[in-house]
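Please work through the following exercises with the sequence and the model at hand.

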Amino acid sequence: ERAIAAPRFSRATAAVIVIVGLAVAGAVLGAVWAWLAPPIHTIVALTRAGERVDAYLGKEADNLFVAGAMVIGLLTMLAVVSAVLVWQWRPHRGPVMAAALWIGQVAAAAAATGVGAALVHRRYGAVDHKAIPLSQQNRVHYLTEAPPVFFGHSPLQIAATLLLPAALAALVYALLAVATPRDDLGAWPALEPHPLGAPRPVGTP
């Protein structure tokens with residue numbers, strides 16, 4: 001098997017590159033999501049009894065789920081692709097890169113949701129239904145609202161969006177490691193079997 005050359009970067013530097021690269025990729029995905037995510041069309045109306053009513057137009061309530069699912073879908077794609085790409089950086093294979101992949105994927109999710117939320121709110125603005133003036137002459141007001149990046153506002157729902165893709169990336173990386181027959185995962189420095197059965201670095205007496 002071809003010998004592995006010494007890497008240009010230290011393992012710590014490689015981990016930082018992975019984390020920063022994933023954070024940047026997450027920000028790009030956030031911009032893509034903001035461009036693709038469907039807005040929410042709502043209506044504020046005044047009934048004959050003088051009560052204010054808020055409602056979604058048609059099936060617009062479905063877009064609340066669609067927008068959140070799009071975030072998860074984009075981050076899942078990034079998780080699988082990034083895990084495979086990080087695994088291809090063969091000299092640095094190991095637990096350090098697995099941890100960097102997990103941290104980087106969480107950073108990517110945070111960047112994607114942060115950038116996405118900022119862009120859609122800049123595009124559609126913030127809507128205060130109670131501040132909309134309604135009268136007997138102007139009973140109905142139509143609104144276009146920004147899509148949400150999370151399925152809900154509870155800590156559990158937010159944590160699921162941030163951590164689920166990271167867990168998937170770690171799982172893919174672990175499966176690749178399990179499928180590798182070498183104890184050193186083919187990383188640098190390479191190990192060769194010791195006469196007593198314990199591995200030792202290549203080149204040691």
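**Exercise 1.** Determine in which helix V28 lies, and decide whether V28 is buried, partly exposed or exposed.

*Solution.* Step 1: V28 belongs to helix α1, which covers residues 11–36. Helices (H or I, at least four residues) and strands (E, at least two) are DSSP runs, numbered from the N terminus. This is a predicted model, in which local features need pLDDT of at least 70 and side-chain atom pairs count only at pLDDT 80 or more, whereas totals for chains, interfaces and linings use all residues. Residues are numbered from 1 along each chain as its sequence is written, and side-chain values use heavy atoms, with hydrogens and water left out.

Step 1: The relative accessible area of V28 is 48%, so V28 is partly exposed. The classes are buried (under 20% relative accessible area), exposed (over 50%) and partly exposed in between, with a 1.4 Å probe and protein chains only.

Step 2: V28 is also one of the members of a nonpolar surface patch, together with V16, V20, V24, V32, W35 and L36. Their accessible area together is about 670 Å². Such a patch takes residues with over 30% relative accessible area and no salt bridge, and joins nonpolar side chains (Val, Leu, Ile, Met, Phe, Trp, Tyr) within 5 Å. A salt bridge is a side-chain nitrogen of Lys or Arg within 4 Å of a carboxyl oxygen of Asp or Glu. Areas come from the Shrake-Rupley method with a 1.4 Å probe.

**Exercise 2.** Describe helix α3 and the surroundings of A108.

*Solution.* Step 1: Helix α3 spans residues 95–124, which are 30 residues. From its first C-alpha to its last it reaches 43 Å, close to the expected 44 Å; the expected span is 1.5 Å times one less than the number of residues.

Step 1: After α3 comes G125, with a positive phi near 80 degrees.

Step 2: A108 is located in α3. Its relative accessibility is 0%, and therefore A108 counts as buried.

Step 3: Leaving aside residues up to four places away in sequence, A108 touches L22, A23, G26, L75 and L78. A contact requires heavy atoms within 4.5 Å.

Step 4: V20 is 88 residues from A108 in sequence, yet their C-alpha atoms are 8.8 Å apart.

**Exercise 3.** Which strands pair with β1, and in which sense?

Step 1: β1 runs antiparallel to β3 (residues 140–145), to which 6 bridges join it. Two strands pair if DSSP finds at least two bridges between them. In this pairing, A45 stands opposite V140.

Step 2: β1 also pairs with β2 (residues 52–56), again in the antiparallel sense, over 5 bridges. Here I43 faces A55.

Step 3: The hairpin of β1 and β2 has 5 residues between the strands, and G50 takes a positive phi near 90 degrees.

**Exercise 4.** Summarise the chain as a whole.

*Solution.* Step 1: The chain holds 4 helices and 5 strands, in the order α-β-β-α-α-β-α-β-β.

Step 1: Of its 205 residues, 35% count as buried.

Step 2: Among contacts with a separation of 6 or more, 75% involve residues 24 or more positions apart.

How values were computed:
Patches are made of residues with over 30% relative accessible area and no salt bridge: like charges are joined within 9 Å, nonpolar side chains (Val, Leu, Ile, Met, Phe, Trp, Tyr) within 5 Å.
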